[in-house]
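Open the model in your viewer and keep the sequence panel beside it. The stops below go from the whole chain to single residues.

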Amino acid sequence: MTRELPKGYSIALEDKRYVILEVLGKGANIIAYLATCDHQGMTSKCILKQYQGNDIEGFIASVRMQNEIRQISSAANSIPPIIHILKTEVGVFVETAYYNGTTLDKCRDLSLLQNMEICLAIARVIRQHHKAGYLCLDLKPNNIFILKNGEEEVITQIVQFIDFDAVRKDKTAMPYSYSRNWASPELRNIYAINRVSASTDIYAIGEIVFYLLFGRHSRDDEHRGFSKYPFDSCGQGGSILSKDLIDLFTQLFRGTLRSSTSNRLDIDAVVGLLEDIVAECSKNISE
């Protein structure tokens with residue numbers, strides 16, 4: 001495994017020179033850096049994604065696959081353009097276009113509506129992947145990039161996934177990349193790995209929503225069709241949640257955070273529930 005590069009580290013390659021500014025986020029096998037790129041007297045910002053695993057050829061194949069996914073018109077905004085693959089003495093990198101923003105785990109003081117709009121955007125990107133025959137698998141706040149406008153306000157309608165090395169074409173190309181705290185039971189259990197499917201990403205959506213709402217990960221006893229949830233101690237202010245919102249969140253969690261893949265909703269149903277949640281959040285604000 002290659003080492004994480006410090007701020008100020010310089011990489012010279014052909015007629016380009018890159019300087020690391022900061023770490024943006026980390027996936028199972030990728031570290032994403034904000035960097036500057038000097039090329040023919042012009043300086044611009046870019047994102048460098050450093051591969052941390054051992055299967056370099058597999059990583060390069062995943063880069064090309066991500067570029068293929070980007071050609072789907074509906075996915076173009078959620079996947080930044082891939083500019084260059086860099087093979088250096090300190091590892092293999094991918095240079096992608098830079099957009100102003102930060103990862104979801106670093107977004108502080110967002111309202112319930114903003115968080116749920118982001119979750120809806122995440123679900124829609126996952127639906128784009130599923131319809132094209134791809135699984136995302138390693139979904140978590142620190143590899144979901146949130147764009148910001150010129151006023152440094154978050155844009156909640158568009159998200160980008162940092163760790164494209166985790167993406168797989170259907171169920172091919174094991175082993176899978178995942179982060180244990182965010183992963184579904186079948187990803188964490190070697191004896192259940194054959195159950196990995198589109199429903200694996202459904203679990204991750206539920207876990208992200210749960211974490212943003214309650215400020216913690218879900219427990220095993222909250223993975224049932226009759227589970228109760230602590231809305232009265234909700235990190236977003238449980239006392240202000242309407243009965244309709246509580247009902248919608250309950251449906252979402254009972255349909256996503258399930259141990260059995262067969263008990264999970266499909267992506268269209270999850271998107272529909274999140275649309276209803278966003279609408280209800282908006283209605284509460286307007287009232």
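## The whole chain

Begin with everything selected: 51% of the 287 residues of the chain count as buried. Bear in mind throughout that this is a predicted model.

Colour by secondary structure next. The chain holds six helices and eleven strands.

Now show the contacts. Among those in the chain with a separation of 6 or more, 61% are between residues 24 or more positions apart.

The accessible surface of the chain amounts to about 13,300 Å², and carbon and sulfur atoms make up 49% of that. For the charges, select the 32 positive and 35 negative side chains; the centres of these two sets are 4 Å apart.

## Helix 4

Select residues 198-214, which form helix 4. How many residues does helix 4 have, and how far does it reach from its first C-alpha to its last? Helix 4 has 17 residues and reaches 25 Å, close to the 24 Å expected at 1.5 Å a residue.

With the surface still on, look at how helix 4 is covered: 15 of its 17 residues are buried, so helix 4 is mostly covered. Then step on to G215, which follows helix 4 and has a positive phi, near 75°.

## Two loop residues

Go to Q40 next. Where does Q40 lie? Q40 is in the loop between strand 3 (30-39) and strand 4 (42-51). Its phi is near 55°, which is a positive value in a residue other than glycine. Is Q40 buried or exposed? The relative accessible area of Q40 is 66%, and exposed means over 50%, so Q40 is exposed.

D109 sits in the loop between strand 7 (101-103) and helix 2 (112-131). D109 is not a glycine, yet it has a positive phi of about 60°. With a relative accessible area of 80%, D109 counts as exposed, because that value is over 50%.

To finish, show Q40 and D109 together: Q40 has a positive phi and is not a glycine, and D109 likewise has a positive phi without being a glycine. Q40 is exposed, and D109 is exposed too.

How values were computed: Residues are numbered from 1 along each chain as its sequence is written. This is a predicted model: local features need pLDDT of at least 70, side-chain atom pairs count only at pLDDT 80 or more; totals for chains, interfaces and linings use all residues. Side-chain values use heavy atoms; hydrogens and water are left out. Helices (H or I, at least four residues) and strands (E, at least two) are DSSP runs, numbered from the N terminus. The expected span of a helix is 1.5 Å times one less than its number of residues. Buried means under 20% relative accessible area, exposed over 50%, partly exposed in between (1.4 Å probe, protein chains only). Contact means heavy atoms within 4.5 Å. Accessible areas come from the Shrake-Rupley method with a 1.4 Å probe; for residues, only the protein chains shown count as cover. Lys and Arg count as positive and Asp and Glu as negative; His and the chain ends are not counted. The place of a charge is taken as NZ of Lys, CZ of Arg, CG of Asp or CD of Glu.
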